[in-house]
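Visitor: I am new to this structure. Please take me through one part of it closely, step by step.

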Amino acid sequence: MLALDPSFLAVQALSGLSSASSLFIAACGLTIVFGVTRIVNFAHGSLYMIGAYTAATLIPRLLDLSFGPMTFWAGILASALIVGLIGVIIEVLLLRRIYGAPELFQLLATFGVVLVVQDLVVQVFGPEDILGPRAPGLRAPVEILGRRFPSYELVLIAAGPVVLGLVWLLLRRTRFGVLVRAATQDRDMVASLGVNQAMLFTGTLFLGAFLAGLGGALQIPRVSAHTGMDLSIIAEAFVVTVVGGMGSVPGAFLAALIIGQLQAFGILIVPKSTLVVVFLLMAVVLAIRPYGFFGRAEVVGGSHAVGIASRKPLPGRFAMLLAVVAGLACLPLVADAYLLKVATEILIFALFAFSLQLLIGVGGVVSFGHAAFFGLGAYGAALAVKWFGLSMEAALPAGLALAALGAGLIGAFVVRLSGIYLAMMTLAAAQILFAVAFQWVEVTGGDNGIVGVWPAGWAGGPVPYYLLTAALTVVAVLLLRRIIDAPFGYALRAARDSEARAEAIGLTIRRHRWLAFMIAGAAAGLAGGLYAFSRGSVDPSLLGISTSVDALTMLLLGGIQTVMGPLAGAAVLHALRDWVMPLTSLWRLMLGLSIIAMVLIFPRGLVGTVRDWWEARE
Amino acid sequence: MTLLSVSGLQKSFGGVVAARDVEFTVARGEMLAVIGPNGAGKSTVFNMVGGQLRPDRGRVLLDGHDITHASPQKRFRRGVGRTFQVAQTFLSMSAAENIQMALISCRRQSGGLWSPARERHREKAVQLLARVGMAEAADVPCSALAYGDVKRVELAIALAGEPKLLLMDEPTAGMAPRERTELMDLTASIADTQGIGVLFTEHDMDVVFGHAARVLVLLRGRIIAAGAPDEIRRNEEVKRAYLGDEHALERPKGARPA
Amino acid sequence: MVKISAIRWLALGAVLALGAPAVHAQQAPIKIGELNSYARQAAFTVPYRNGWQLALDEINAKGGVLGRKIEIVSREDGATTGDATRVADELVTREGAILLFGSFLSNVGVAMADYANQKKIVYIAAEPLTDAITMAQGNRYTFRIRPNNTMQVGMLVDQAKASGAKRWAIVAPNYEYGQSAAQAFKRLIQERVPGAQIVVEQYPALGKIEAGATVSAIEQAKPDGIFNVLFGPDLTQFVREGNTRGLFEGATVLSLLTGEPEWLLPLKDEVPEGWTVTGYPWDQITEPKHKAFVDAYRAKYNDTPRLGSLLGYMVVYMIRDAVERAGSTDTEAIIKALEDAKFDTVIGPVTMRGIDNQSSMGAWVGKLVLKGAAGGMADWAYKDGTSFMPTEAEVKAVRKD
Ligand SMILES: Nc1ncnc2c1ncn2[C@@H]1O[C@H](COP(=O)(O)OP(=O)(O)O)[C@@H](O)[C@H]1O
Ligand SMILES: [Mg+2]
């Protein structure tokens, strides 16, 4: 019936085109910035959001002064320019210092900016959504095949190709453009040309931020500026850039077109899985073309991976281990119920972060979607309770198994990739699971999550549940520790240090990494299951980007180059969060600044710094 | 007896033909040098024999087995060991652990999840290090070694796999002249006693003419001459080819990894 | 109860020794835990916080309750179920809150109800609207003030009867609140309007609506009635897109909550006139008690009240009354004091029904009109909740306790 109505299809296709245009403008700056600086800028979404807020605040004032289309469009441009300048500030203060840093640090640092901007936007523009004005002269709809269609959408449809054309001209016809293209092709070449690199990079960031701001500002007649814009657009912009091929502007355009249509018609066929569809597209494209439509294999110059190195076993480590275990066992004697709850959660996060250490610190596999396995463990346990009435004793292994299975599946896809594509793909995998949990309401309860996931009677109180968590965590950490020191862990490190060498001595890197995904996934799944029972509920945020970032922050805070760092990182971050969050509404700002500071000033983390200091003393 | 036989090997990168119709053989115990100016295609040929690159055309036979399309791992199992132009070792491990890793992999124990790697095959690893004169440095982190020493460790890694064929891409780059000769002497004696065929490239002509049984000259991806060192030295075409790039022959090229 | 360690005893001893005079001068305040989504749902929750703060100040100025001051320990619940229960745990075990109230999103409310049941602590859901909190997931520890979905939808459906619309479209955010409201609507419209059918349902993700596609999908089904549950940014986009494409022309639109100032104000002059809504026409309510509340609120915050303000204000007074009647801070006593209790509030008498712990607070139902540059409500009437509540049989059928 739907298919028979051409006017409906036409309008739907036009809607798709206008989303595509918007998406392209938002993503195009991201891909240009990546091409030149090789940084995947998480803060791009924040710039987009600032663009929308600025325009929604600025333009009504301008329109009060002089009402007319010229004012409106000048306001849009002014907003984009302001955002461009903010981009320059971010480049000068932050990005400039991390061009040479490992990808993981770059991703985290720009995510730190996201957190900072989230709180700043509320401070500057207020907590309420701001509805921008409609474009003067474009309020009336146009008739298309007997249906009304917003004329502003038509303008948006045109805006995409216009921006593409202007960017093309800029890149082809100006010296700046030539340099940008050269840098995208081969960074060292530009360095050798004696070009003022700093200016080039700053200029690129201005362009990228300008486009992000423009994308955001153009949205205000159709969307009110609100605080969730940054993460929702960045997720989609990532998909567009990755599918199009990182660094490729035409690729981004093509990808945006496909995604726009997919969304417009997807809503008719599978109205509740629009989010999944987008990420599935990305998974399929990457499975067939690991570098997207027009991307090229990254020429990796030197090893970018940082991680743990061999050290002499500490004397007295058994005594230390015993002391820690004894300390954990005795905690209930001195701690009250709430402290025990905090300690339980610290242990859970320590296991979660430690499982990620196996991938990142040991294997050099920068997984940016580790929440997927944590969430699978939690959901596995919760679903087992809800649908099969299993007890906690059976639900925890069920969660672990589901996480291991999921890790096996995701791992099979991503071990073919490397570097930033791998990071993006893991992120996408976690987002797919997030979307499934979010939209498959019948099974997962959607946004509601699943409640009533409480521990078995004997483990119900804070003390028994703490002891259970402590016992399982200690065993799991010791097992992982053993694996890290075993040939398997060494093989992972070998592949991280030098893929070429590892292959030349017969190591099957992919298979090892795949197994590493499953082991890490299982451990994260156990942590997730324990978490579900500790809170009594699960919800999609367990699978969200910020859960992944939490784990990465713990790793970074503790020190990626230390085996035990993540445990310390989890303890410190969680304790800080518990202590500071209730006191301030600027927790995200503080967390973001701390992440940035860590990347810039003290990338070795707590344990790493202490260790270096200790070794220097000797 | 022929160990390695390469025929009609071709590879191009975009417009650049890096190897064209390359054809040669290596016998057991033989040392074959491949020389040529920078960019001649030497590394490309090595990578096609080692499995790091897929040839566009041609065949690679090892001991009569076609390994043209085999992965580096498969070739390793068939007896190919190699060093890289820019040394590839495991910088996060000690010298001994590098060798142990190779021994573990060689014995297919790399999936082991329980007993510590650092205790496995330690003696054998130290022996191998001793052979390349690095026994003292067994417990030094590889990242703390001088580049020349790293290259030695890399040789020991390659030998740990008990290869039949050893590929050495600029093995002495970054070493002092005396060290170079020592290392190649050592290589020659290993090749001789164990019947290993060695294919190597080298910019130091003294090393080349002092150690190679035969020399292959590559220019713009093509073999322009092949034969005993003395023949090559006299070959007019070779002289001409090198005239423009005299320095490349003398100056070791390999840069230290960043 | 809370186990106090030796170290804590020492610390406590030290504090008592140093601060003994001050501590003894006045009894420790009664602590009440509050949690809400102040970051993510600021439009509603910030005025709500102002509301409860106002009530709190008034009560404490008059000496508090049971001779003690009231202290409200407020926390951000992160708008997720997990964060909410975690924060709740902190409020109960660390702060020693005697009861909890708050939360905005319905799914968080459900999780909190579950938590209250598990930890045997009173939880008063102020805003969450899903039926589940007092029906299927209800328990003796969980109470709700606001009229739930079934009640508010019931008030709207009564208005729908007159319109004659038969082909209905539903658009609702895809989470507990939206699903629950859609369920209630489907049930009630088919019960009360003979021949009514649902021709299309759209459930965009909360905060992520693709308005163009959603509107044209609804348009495609040619409904003559639309039931809307969207709010916040989703609502704004939906209204704009629908206005542009003429979706609402000639259709009867019933919309939950849209008349509440928190959702009406952001629409500015694009208010969809003629929609039948539930809301809060605060400026037109003339009862003196309510006027006094409005005046006090405006004086204190230099802002106009939202529905959240009223709710926050009412909840704290009801808590005060309950604690006073209970005569203690004991959970069982408070439950007894709440069940079937009558409260005299600024909007008139409200009863907390004992069988499902749902209060009889009603809602204002009317039509949206444009007044100058902003929207408001006209032809409105306050509908007391009592006659719209689920019947005793319905409650008994789904509740597990
Ligand atoms: N991965 C590659 N991509 C593109 N061109 C390459 C690549 N590897 C080598 N080349 C080109 O192939 C030619 C031969 O390179 P190479 O084999 O490294 O020479 P040699 O080792 O003799 O110095 C050079 O022109 C080089 O630029
Ligand atoms: Mg070379």
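Visitor: Which N or O atom lies 2.8 Å from an oxygen atom of ligand 1, and in which side chain?

Guide: This is a predicted model. The atom you ask about sits in the side chain of S43(B), and it is 2.8 Å from an oxygen atom of ligand 1. Taken alone, ligand 1 exposes 550 Å², and the protein buries 60% of that.

Start with the backbone around ligand 1. A backbone N or O atom of G39(B) is 2.7 Å from an oxygen atom of ligand 1. G41(B) brings a polar backbone atom to 2.9 Å from an oxygen atom of the ligand.

Now widen the view. There are 13 residues around ligand 1. The nearest are G39(B), G41(B), K42(B), S43(B) and T44(B). By type, the shell holds five nonpolar, six polar and two charged residues. Two elements of chain B, β2 (16–27) and α1, each supply at least two residues of this shell. Helix α1(B) gives the most, with three residues.

S43(B) belongs to helix α1 (residues 42–50) of chain B, while Q85(B) is in the loop between β6 (80–83) and α3 (95–106), so the pair ties together parts that are 42 residues apart in sequence.

Q85(B), at 16%, is buried.

E170(B) is in the loop between β7 (165–168) and α6 (177–194). Its phi is near 50 degrees, a positive value in a residue other than glycine. Most residues other than glycine have a negative phi. E170(B) also counts as buried, at 3% relative accessibility.

A79(C) is placed in the loop between β2 (70–76) and α3 (81–94) of chain C. With a relative accessible area of 9%, A79(C) is buried.

One more stop in chain B is P229(B). This residue is in helix α8 (residues 229–234). P229(B) is buried, with a relative accessible area of 12%. Leaving aside neighbours within four places in sequence, P229(B) is in contact with F209(B), A212(B), A213(B) and V215(B). G111(B) is another matter: P229(B) and G111(B) are 46 Å apart, C-alpha to C-alpha, and 118 residues apart in sequence.

Finally, step back to the chains. Two pairs of chains are in contact, and of these chains A and C share the most contacts. Chain B and chain C do not touch. Their nearest C-alpha atoms are 35 Å apart.

Key:
Residues numbered from 1 in each chain as written. Chains lettered and ligands numbered in written order. Predicted model: local features only at pLDDT ≥ 70, side-chain atom pairs only at ≥ 80, totals over all residues. Heavy atoms only, no water. Helix = DSSP H or I, 4+ residues; strand = E, 2+ residues; numbered from the N terminus. Buried < 20%, exposed > 50% of the residue type's maximum accessible area, 1.4 Å probe, protein only. Near = heavy atom within 4 Å. Polar contact = N/O pair within 3.5 Å; in protein donor to acceptor, adjacent residues only side chain to side chain. Areas by Shrake-Rupley, 256 points an atom, 1.4 Å probe, with all protein chains shown as cover. Nonpolar A, V, L, I, M, F, W, Y, C, P; charged D, E, K, R; others polar. Contact = heavy atoms within 4.5 Å.
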